[in-house]
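The entry is shown first, and the notes follow by topic.

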Amino acid sequence: MRFETRALHAGQEPEPAYGAVNVPIYQTSTYAQPEVGKPKRFDYARTGNPTREALETVIASLEGGRHGLCFASGMAAEATLLLTLRPDDHVLLSNDVYGGTYRLLARVLADWGVVHDVVDMTDLSAFRAALREETRVVWVETPTNPLLKVIDIAAAAELAHGRGAHSVTKYLGGHSDLVGGALVTSDDALAERLAFLQNAVGAVPGPMDCYLALRGVKTLALRMEAHCRGARRIVEFLSQHPRVTSVHFPGIPGHPGFEVAVRQMKDFGGMVSFEVGTKGEALQVVQGTKLFFLAESLGGVESLIEMPAPMTHASVSDSPLAVPDTLIRLSVGIEHPDDLVADLQQALG
Ligand SMILES: Cc1ncc(COP(=O)(O)O)c(C=O)c1O
């Protein structure tokens, strides 16, 4: 089955008791057991919950992986994955990863002896040179946030085995109404270790959040089409605006990642960032929009605008991941693109 169909059907059979077509919200912390040591299917909700299991199944299916595990946030998913590491293990990060990922490694896992390096992964020879015998995780995000650099996934996978870590908070949920995370792998042994850690550490999502995420996933394909269409229209507008000094978007021919993006992406996504002349101008623009809400996060149906340097990327200001303070990031929602362009036009004016 194709992506759009799996989004609605994987893990989501009509519920057996009454035939409800939506997976119910199993709002329970525990399950009555018919006999000692013989639970029906689940025994305790940290270990498993049917609403969560449906979400884990559909996300694994969408990723083409055999095992899915869901967490209370993207960071909880990342932390649980990184707990498979031991002192002296090495993590290689691209120089444009999410600031929270860098913070987790630099300010939490470093105290436990896990080491990391940061490298420009668009430069494959630098990437290769930075790999060590102790490298256990290669952390690839593409397109990156907020500079929209494109990393060649096939080339990266050739250099290292892939593992998937996602924030469900963003496009998967898609309605800015939950925080969640997921890990997907087809490696049985790793899946077993991760399921152990998921239960042992306990950073699991509640059934209501799993239900909201399941509901969001059903329209993921449709929403992505609208996000991508809106972003392309906005990029067209920004590229010709006299106050805009540069536009970062992988769908622009001439963008350093354009060719790789055409090869590995179906479309170019809903994230756009751009620069204006000064920090003062950037402040005016982000505080001057009416439809674009000034807010962190991304991937929801409503459009958001922010300044990464003092907002989402403040925690990396003194690190190799620092971004310019003239940079503005847009998460393009599914409003009509002409209305979004008009809003940016008045804010830039
Ligand atoms: C690329 C990336 N990874 C991970 C995260 C963390 O996800 P969460 O906020 O769900 O913990 C974010 C959140 O902004 C992100 O943008």
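A polar contact is a pair of N or O atoms within 3.5 Å; within protein, one atom must be able to donate a hydrogen and the other to accept it, and residues adjacent in sequence count only if both atoms are side-chain atoms. By that cut-off, an oxygen atom of the ligand is 3.3 Å from an N or O atom in the side chain of N145.

The model is predicted: local features need pLDDT of at least 70, side-chain atom pairs count only at pLDDT 80 or more, and totals for chains, interfaces and linings use all residues. Residues are numbered from 1 along each chain as its sequence is written, and side-chain values use heavy atoms, with hydrogens and water left out.

**Ligand site**

- The residues around the ligand (near means that a heavy atom lies within 4 Å) are S73, G74, M75, E78, Y98, E141, N145, S167, T169, K170, V179 and G180.
- By class, this shell has three nonpolar, six polar and three charged residues; Ala, Val, Leu, Ile, Met, Phe, Trp, Tyr, Cys and Pro count as nonpolar, Asp, Glu, Lys and Arg as charged, and the others, Gly among them, as polar.
- Helix α3 (residues 74-82) supplies the largest share of the shell, three residues; helices (H or I, at least four residues) and strands (E, at least two) are DSSP runs, numbered from the N terminus.

**Loop between β4 and α6**

- Most residues other than glycine have a negative phi, and most peptide bonds are trans.
- T142 and P143 are joined by a cis peptide bond with omega about -10°, and P143 lies in the loop between β4 (135-139) and α6 (153-159).
- A cis peptide bond also joins N145 and P146, with omega about 10°; P146 lies in the loop between β4 and α6.
- L148, in the loop between β4 and α6, has a positive phi near 55°.

**Helix packing**

- Two packed helices are described by the angle between their axes and the distance between the axes.
- Helix α2 (residues 50-63) and helix α8 (residues 207-218) have axes that come within 8 Å and cross at roughly 35°; axes are lines fitted to C-alpha atoms, for helices over the stretch in contact, and angles run from 0 to 180 degrees between N-to-C directions.
- The α2 and α8 crossing is left-handed; a crossing is left-handed if the near helix is turned anticlockwise from the far one by less than a right angle, and right-handed if clockwise.
- T51, R52, A54, L55, V58 and L62 of α2 meet P207, C210, Y211, A213, L214 and V217 of α8, where contact means heavy atoms within 4.5 Å.
- This contact of α2 with α8 has ten nonpolar residues, one polar and one charged.
- α3 packs against helix α4 (residues 99-107) at about 35°, with the axes 11 Å apart, and the crossing is right-handed.
- On the α3 side the contact uses M75, E78, A79 and L82, and on the α4 side G100, T101, L104 and L105.
- The contact of α3 with α4 divides into five nonpolar, two polar and one charged residues.
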